[in-house]
Amino acid sequence: QVQLVESGGGLVQAGGSLRLSCAASGSIYSINAMGWYRQAPGKQRELVAALTSGGSPNYIDSVKGRFTISRDNAKNTVYLQMNSLKPEDTAVYYCYADIRRALFTGRRDYWGQGTQVSVSS
């Protein structure tokens, strides 16, 4: 019933920029954290950025100063602005949202389908 749909991936040259979007829809009572993971071939999935409702963003060290996470709570949407992209940023990026679907229901994570980000040298 809850779905997260991602968009914004693509192929860019090193130093370029991309903006990822992820919109949650369906039966949603509240959303706590939203954020982004990424996974490169042969590597473990890692948390890139996260943002709790009403809180401050957190980033993995390798993207600090280059990536910016933001949310539009009215639209249940999270964004990831990626600047100064490097080849090592190449990965499939997955958004997630920690969602409570209804009153008296516990929260759980929902995931987007993934979007490919490729950065050429």
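Two strands pair if DSSP finds at least two bridges between them. Strands here are DSSP runs of E with at least two residues, numbered from the N terminus. This is a predicted model, in which local features need pLDDT of at least 70, side-chain atom pairs count only at pLDDT 80 or more, and totals for chains, interfaces and linings use all residues. Residues are numbered from 1 along each chain as its sequence is written, and side-chain values use heavy atoms, with hydrogens and water left out.

**View 1. Strand 7 and strand 8 form a hairpin.** The two strands run antiparallel, joined by six bridges. T68 stands opposite Q81 in strand 8. Strand 7 covers residues 67–72. Its covered face holds F67, I69 and R71. T68, S70 and D72 make up the uncovered face.

**View 2. N76 sits in the turn of the hairpin.** Four residues lie between the two strands. N76 is not a glycine, yet has a positive phi of about 50°. N76 is partly exposed, at 24% relative accessible area (buried is under 20%, exposed over 50%, partly exposed in between; 1.4 Å probe, protein chains only).

**View 3. F104 lies in the loop between strand 9 (91–100) and strand 10 (108–111).** F104 also has a positive phi, of about 75°, although it is not a glycine. F104 is exposed, with a relative accessible area of 80%.
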